[in-house]
Amino acid sequence: MGIVLAVFAGFALALVAPWITGATGRATGWLYSLVPAGITAYLSTFIAPVAAGETMRVAYAWVPGLNVDLSFYVDGLSLFFALLITGIGTLIFIYAGAYLKGHHHLGRFFAYLSMFMAAMVGLVLADNLFTFYIFFELTSFASFVLIGFNHDEAASRRAAWQALLITKAGGLALLAGFLLMEQATGTLQISAILETGEAIRDHGFYTAIVLLVLAGAFTKSAQFPFYFWLPNAMQAPTPVSAYLHSATMVKAGIYVMARFHPVLSGTDLWFWLVGGIGAFTMVLSAWLALQYTDLKGILAYTTIMALGALTMLLGLGTETALKACLVFVLVHAFYKAALFMVAGAIDHGVHERDITKLGGLRSKMPITFGAAVIACLSMAGIPLFFGFIGKEIIYEATLHLDQAALFFTGAALLANVALVASAGLLAIRPFMGPLNDLTSHAHRPDTGLWFGAAVLAVLSLGLGLAPWLLDSAILAPSLSALMGAEATPHLAIWHGFNLPLALSGVTVALGVGTYFAWTPMRQSAPFRALERWLGTGLDNGYDHAINGLLATATAQTNFLQNGYLRRYIATILGTTVAVVGYTFGHFGFEGPVLSFVGIAPYEWILSLLIVGGALATLFLSARIALVAALGISGFSIALTYLMYGAPDLAMTQFLIETLTVILFVLILAALPTLSEVASIGHRLRDGVLAVATGSMFTALMLAVLNQPFENRMGEYYMQYSYSEAQGRNIVNTILVDFRALDTLGEITVLLIAGFGIYTLLRLKRSKTSEKVEASRASEQVEQLS
Amino acid sequence: MDADLLLILPLVLPLAAAVLALLFRNVPRVQAGINLISMSGVLAVSLGLLAMINEQGIQSFASGGWPAPFGIVLVADYLSVIMLIVSAIIGVAVAVYAIPNIDAERVHFGFYPFMNLLMLGINGSFLTGDLFNLYVWFEVMLISSFVLIVLGNTEDQLAGAVKYVMINLVSSLFFLTGAGLVYGTAGTLNMAELALVLNEVESSGLVTIISMMFLISFGIKAALFPLFFWLPASYHTPPAAVSAFFAGLLTKVGVYAMIRVFTLLFTQDIGYTHTTMLMWVAGLTMVTGVLGAAAQNDFRRVLSFHIVSQIGYMIMGLAIYTPLALIGAVFYIIHHIIVKANLFLVSGVAQRLGGSFSLKKLKGLYAHHPGLAILFLIPAFSLAGFPPLSGFWAKLVLAKAGIEAGAYGIVAVAIAVGLFTMFSMTKIWVKAFLPGSSDPDAAENDATERRPMTMGTRLMYVPIAALAGITIMISVFAGPVFDLAERSANELSDSSAYIEAVLGHEESAADPYTRLDLDRRSGGVHAP
């Protein structure tokens with residue numbers, strides 16, 4: 001029950017925040033941070049039992065028919081991520097309160113932010129595939145509204161929409177993957193799936209499951225080639241960038257891969273796809289980061305680098321790699337969230353984020369500066385900082401691979417060099433040097449603006465000095481869950497003089513070199529080309545894809561929904577003939593043997609009149625003549641009724657035909673003669689369609705007439721017409737008694753038609769039906785525009 | 001209450017209301033009141049009927065006292081009653097919405113009577129157990145909906161109405177032909193008896209061939225590919241109340257008829273009718289509809305094309321034809337009617353506040369009307385299948401059913417179409433609810449006055465909020481809704497209960513001819 005509360009507390013805050021924020025004023029951020037802080041405190045009580053090897057599960061039936069439970073599962077891995085989310089969330093809430101102080105939609109902002117946090121906590125704790133998916137998508141929705149929070153700006157709207165579509169596409173793939181996973185394992189319960197061992201890997205769906213799940217993970221966690229949405233998402237207010245698009249939401253994809261690691265990994269497919277894409281993303285984005293001068297641009301690409309590194313480590317899958325993955329999650333969250341808060345504080349104070357225009361801020365915001373320096377030292381992997389520990393284990397992991405050790409170590413080295421340079425840029429450029437026109441007017445940040453960064457800096461330093469604190473409480477249970485086997489990891493500050501240490505030294509040396517070569521390198525042709533192709537290039541590709549889709553959609557729609565009634569009718573008739581004809585072809589036609597013997601001369605004459613009347617319509621162009629030709633067919637058909645014993649029907653048909661002809665003539669007399677006569681080709685096409693339609697009806701009729709018919713209905717009506725329905729005319733008794741409900745309906749139709757015509761004639765008489773053509777044209781125009 | 005009464009009240013109430021409303025032609029308020037009472041009455045009766053079915057199973061009523069198959073029976077099974085309830089909900093919502101939305105002139109010229117007569121046709125279609133009688137109710141629907149489209153006589157309305165009525169008359173023609181062919185083959189029009197007799201036709205291919213006439217006819221009604229032209233041509237022309245009523249209900253009557261005949265009557269060759277024909281049609285309908293929507297720039301035109309696309313999902317459930325798939329189809333219908341009608345209602349308020357239905361002219365509704373924005377997001381995201389809203393559950397059931405049946409292709413299509421649906425819905429959001437872009441057209445649009453909130457507009461919020469609330473309820477209580485759909489699907493999968501309820505106990509199952517033979521042998525006159 002407590003776990004459910006922990007998840008839904010955020011949703012509850014989201015519901016009330018818009019209404020109460022007016023009353024909370026300046027204290028809003030601090031006050032609301034009590035919610036994530038409270039959840040963190042509650043979740044912390046699980047640390048000891050989980051470290052002792054326990055897991056907790058609660059489940060409430062939601063849709064029993066689909067086996068969907070609202071169920072939550074606390075093990076090392078989910079607890080690790082949940083604590084990260086609520087812990088960082090606490091600091092972000094405080095920060096956001098200061099950052100958006102006085103914003104007139106602050107309540108709405110906190111509503112979205114706490115909805116996101118709740119969804120994220122729900123995601124990592126969920127124990128049912130579909131519940132998991134629901135929270136997964138809710139984080140996308142929260143991201144959508146938060147990126148677009150400043151929706152007055154077109155770039156914000158575009159970025160929000162793009163992020164939603166990309167992550168939603170991945171989400172749908174993930175859903176498909178989950179559906180297949182259910183088929184493969186027979187359960188939706190994640191904790192049970194983790195127990196199924198080889199079930200998924202041995203299943204025929206394995207490849208499909210891996211590809212679909214990874215599509216979900218790669219889009220969410222911004223891997224190549226989907227990462228382009230993440231730098232755009234920096235349009236969001238900085239607290240959002242720090243929280244969603246760096247520390248937590250983008251880790252949802254990482255969490256997906258980690259959660260299902262025990263049952264999906266261990267194959268070549270997984271190793272190369274996850275490891276390869278991760279490594280490629282890591283190197284590419286680390287160097288792309290150096291192409292930007294916007295603080296948030298650099299932070300965005302280095303975030304992608306971190307996500308690539310995490311993905312790579314999950315792909316490699318050795319115990320050291322997985323340990324490195326977990327440590328790096330923390331390392332990155334601490335320094336990156338701090339740096340985002342720093343960037344936001346600078347933006348807040350100076351209204352500028354371009355590092356080439358900033359400088360000298362150390363005197364204006366000393367605490368922020370201190371936090372930034374510590375975070376950057378951790379980011380660069382300098383000894384005594386937490387980042388050093390992380391980098392050492394990554395090198396250790398890549399060096400000890402059974403295959404492709406050199407490749408992955410090289411990739412890690414390459415990426416880390418760029419990261420050191422980025423760290424240098426972030427720590428030095430805004431703060432060192434003299435104050436300039438811009439920065440000299442900077443105002444001192446509020447406590448809320450530096451508090452979070454300072455706390456995280458302390459963590460980066462403290463855990464760098466005493467990393468073993470994490471060993472048994474945090475790392476061991478989460479690593480065990482990630483591996484699906486018992487693990488006892490140990491983090492140490494000093495491993496002796498070894499290859500990873502040497503690589504660290506090389507990294508820092510090369511990174512410093514890169515830092516000093518930054519300006520000429522950034523402007524060199526190859527680097528600019530890299531940015532043009534894989535930075536903005538992919539983003540433009542997205543636009544092309546959307547435009548192409550819209551062009552296709554428009555072309556298809558203009559072709560189908562073309563505005564011409566005659567084409568619609570022709571399409572429908574053509575479809576009918578094709579479908580019925582195909583079905584006849586499939587089952588075969590069984591009709592009576594046709595014989596032309598014994599047909600009386602008058603029958604021939606009638607038939608010829610019917611056919612002749614119809615044929616004549618093809619060749620006549622005067623309207624009156626057309627009506628007359630149709631009339632010939634109609635009256636001849638009525639005559640056949642008369643001859644074959646249906647005088648009532650014949651009488652009705654005669655009346656209708658007469659009325660039709662008269663009405664047609666009256667209307668047509670008021671219209672001009674046909675101005676546009678259909679071409680021969682047109683008529684031929686219509687003629688073929690008409691003959692085909694007629695043949696279809698004939699074939700259907702013959703096939704049915706070939707069946708024996710038992711006239712039970714007729715016999716019954718004959719038997720009871722007089723005795724029970726009290727009428728000698730059977731047709732009448734059928735109409736008013738046996739099937740009176742039909743007649744009720746039909747007279748209602750007449751009533752409506754009559755009243756409808758009255759309405760048409762009386763209401764707004766000025767608009768007459770001649771304008772129909774014009775209006776059709778306007779429909780055309782509207783579609784094309 | 002008496003079962004027979006419950007079965008005929010959904011017909012009697014709207015018919016009586018139509019006549020009464022005609023009598024009060026010049027008193028709009030009384031008409032609105034009569035309409036509201038009639039729609040609420042139908043809702044109450046339908047709920048009563050559901051309670052009765054829950055207790056006693058399928059209900060049937062022999063009109064005029066003539067026994068099936070010789071007279072016309074009304075039958076209420078779960079599917080019928082679910083359709084009745086959901087339709088009545090829309091009826092009530094539209095009845096409230098219409099009060100501010102329908103202008104005095106339209107009321108004077110019979111909006112309320114026609115709305116009730118349309119309801120009569122819809123309810124008749126859901127309740128009848130007779131194939132020809134179904135045709136009659138279709139005609140009632142067609143003519144009354146035609147008048148409702150045309151009511152107002154604007155150019156757009158006339159252009160749309162002509163296409164609407166002509167194409168639907170083609171549908172009627174095929175339906176009538178199909179009914180004639182069925183009668184010629186089986187000698188009966190009673191659907192329960194047809195369910196037995198059609199299976200005994202020696203040339204079973206013939207029955208399947210005839211079923212294609214129904215596929216086409218109901219396909220036109222349900223707006224399937226490539227027969228849907230009438231829908232996008234007409235739905236955006238009448239007032240929002242009318243479009244909402246149509247959008248919620250008309251095509252769904254077609255889908256209902258399709259489900260009815262392709263579960264009860266035409267199951268001779270599932271591999272052909274369902275797994276081949278319906279499956280292809282479902283997939284193509286989803287895709288063409290959603291692409292059509294992507295190309296539109298008018299609030300209601302986007303929504304109209306999405307109806308087409310969504311119909312594909314319902315037919316997908318029918319095409320897969322496993323119990324789970326049928327649950328999916330029924331769930332989808334329930335979800336869809338509420339959501340789709342609501343989106344049209346929202347479009348009407350957007351038009352009223354923003355001055356247009358065009359997405360190029362509407363903008364910034366979110367800033368001024370956050371309430372409306374939320375009330376739009378709920379149905380819009382539900383339509384797109386965003387979890388945990390109702391549309392998600394509906395699509396999930398269908399996708400799962402498809403995968404279990406090995407129909408991976410259609411599942412892939414269904415999921416991909418979900419993404420494009422998301423695209424269209426967020427397109428409306430971005431264009432109409434967020435501030436305008438630097439579109440050159442935008443400048444002139446500032447001229448279109450932002451209209452103030454009036455009492456009438458506030459009243460229009462009420463049904464929108466209620467329907468959004470129902471969507472939330474369906475989302476949260478997806479379990480019970482699933483159970484209800486499951487009960488319906490069970491009846492559809494095994495029609496013996498339906499047949500027994502209509503034809504009676506002993507004589508039915510084995511030989512449908514027995515009863516008549518008994519009558520003959522006894523020689524006497526049997527009181528029916």
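A residue is called buried when its relative accessible area is under 20%, exposed when that area is over 50%, and partly exposed in between, judged with a 1.4 Å probe and with protein chains only. By this definition Cys376(A), at 3% relative accessibility, counts as buried, and Cys325(A), with a relative accessible area of 2%, is buried as well. The structure holds zero disulfides over all chains, where a disulfide is a pair of cysteine sulfur atoms within 2.5 Å.

This is a predicted model, in which local features need pLDDT of at least 70 and side-chain atom pairs count only at pLDDT 80 or more, while totals for chains, interfaces and linings use all residues. Residues are numbered from 1 along each chain as its sequence is written, chains are lettered from A and ligands numbered from 1 in the order in which they are written, and side-chain values use heavy atoms, with hydrogens and water left out.

Chain A has 34 helices and two strands, these being DSSP runs numbered from the N terminus (H or I and at least four residues for helices, E and at least two for strands). Because its radius of gyration is 38 Å, well over the 28 Å that the globule rule gives for 785 residues, chain A is more spread out than a compact globule; the radius is taken over C-alpha atoms, and the rule is 2.2 Å times the number of residues to the power 0.38. Along the principal axes, the C-alpha atoms of chain A fill a box of roughly 115 × 60 × 55 Å, and 56% of the 785 residues count as buried.

Within chain A, Ala690(A) lies in helix α30 (residues 680-705) and is partly exposed, with a relative accessible area of 49%. Although Ala690(A) and Gly574(A) are 116 residues apart in sequence, their C-alpha atoms are 9.2 Å apart in space.

In chain B, the 19 residues of helix α9 (residues 204-222) should span 27 Å at 1.5 Å a residue, and the end C-alpha atoms are 26 Å apart, which agrees; the expected span is 1.5 Å times one less than the number of residues. Since 18 of the 19 residues of α9(B) are buried, this helix is largely enclosed by the rest of the structure, and just after α9(B), Ala223(B) takes a positive phi of about 65°.

In a regular strand the side chains alternate between the two faces of the sheet. In strand β2 (residues 73-76) of chain B, Val73(B) and Val75(B) point one way and Leu74(B) and Ala76(B) the other way, and all are buried.
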